[in-house]
Amino acid sequence: MDPTREGGASSAPPLPWYLHPALHLALNCLLMTVSELLLKKGATETALIAAPRWLAWSGITSLGSGWALTGIAVYILAFLNWLHVLRWMPLSTAFPVTSSVHVLIALGAWIFLGERIGLQRWAGILLITAGIVFCARPAAAAEERL
Amino acid sequence: MTTLSLVLYVISLFSLVGGQIFLKRGMSQLNRRPRRYGPVFAGVGSGTALLTVWFLIWMGLLQKMDISYVYPFQGMGPVLLVLSAMLILRERVDWRTWLGVGLIAAGTVFVAMSPPASGS
């Protein structure tokens with residue numbers, strides 16, 4: 001079902017190109033990647049700030065970082081965008097595409113955050129990405145039913 | 001990854017998956033007629049609380065380790081959903097799904113074996 005095509009049985013007007021769900025799905029992958037990288041930058045920045053003993057397990061000090069707060073804002077934006085995607089595309093189609101975020105985050109971490117990712121980690125990330133594609137339909141169906 | 005970090009990660013994983021499910025269930029209660037707000041607040045409240053726990057643990061892990069080390073563990077989310085469907089909903093799981101679970105498990109082991117902190 002292509003919502004940007006004219007006519008057809010549906011009486012709803014076609015969507016303009018900038019609302020096309022595939023575009024927003026790609027945008028979502030980008031937004032999720034950016035938000036996680038921003039959160040990581042905020043975490044690194046605040047890593048040495050001491051939290052009260054009982055909260056030492058948490059990263060609560062990261063809330064003092066502008067990077068982290070921006071990351072949260074982008075995360076919320078990504079979530080709202082995801083709702084738009086799901087309005088026009090079934091979850092079982094959209095979900096496997098988001099597995100690309102694993103690769104995107106690794107690339108982004110290497111390029112922007114200076115992380116050193118060896119062959120072993122890359123191999124693991126690619127296996128996980130492929131595995132998610134195989135699991136996507138049952139996982140999505142399970143989430144809808146649970 | 002230290003044992004403590006692993007335990008925290010597992011808690012965060014259940015919090016993330018559970019939080020999303022409770023939140024979604026709470027929101028879907030808005031569609032019932034006659035509308036009852038009790039279940040909505042219960043769902044949204046517990047969902048938000050769990051997601052907050054997830055977020056706090058997640059940031060704590062990110063403060064100590066590379067994101068390219070920690071994020072791949074999120075692949076266990078779909079595995080958790082598949083296992084839940086099998087055990088709670090009693091659904092049959094076909095070979096493609098098992099292959100996916102196997103790939104994710106193998107991939108996670110590979111990532112876990114790499115050094116957790118290398119970056120800036």
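Helices are DSSP runs of type H or I with at least four residues, numbered from the N terminus. The model is predicted: local features need pLDDT of at least 70, side-chain atom pairs count only at pLDDT 80 or more, and totals for chains, interfaces and linings use all residues. Residues are numbered from 1 along each chain as its sequence is written.

The largest pocket has a volume of about 1600 Å³. A pocket here is an open set of points on a 1 Å grid over the protein atoms alone, where a 1.4 Å probe fits, with protein on both sides within 12 Å along at least five of seven lines. Its volume is the space filled by probe spheres set on the points. Lining residues have an atom within 4 Å of a point. The largest pocket has 44 of them, and A:Y75, A:F79, A:W82, B:L16 and B:Q20 lie nearest its centre. Both chains contribute: helices 1 (21–46), 2 (66–88), 3 (91–98), 4 (100–112) and 5 (119–145) of chain A, and helices 1 (3–28), 2 (37–64) and 4 (76–87) of chain B, each supply at least two lining residues.

The second largest pocket holds about 260 Å³ of space. Its lining includes A:R145, A:L146, B:F14 and B:L50. Helix 1 of chain B gives the largest share, six residues.

Within chain A, the axes of helix 3 and helix 5 come within 8 Å and cross at roughly 135 degrees. Axes are lines fitted to C-alpha atoms over the stretch in contact, and angles run from 0 to 180 degrees between N-to-C directions.

Note on methods:
Chains lettered and ligands numbered in written order. Heavy atoms only, no water.
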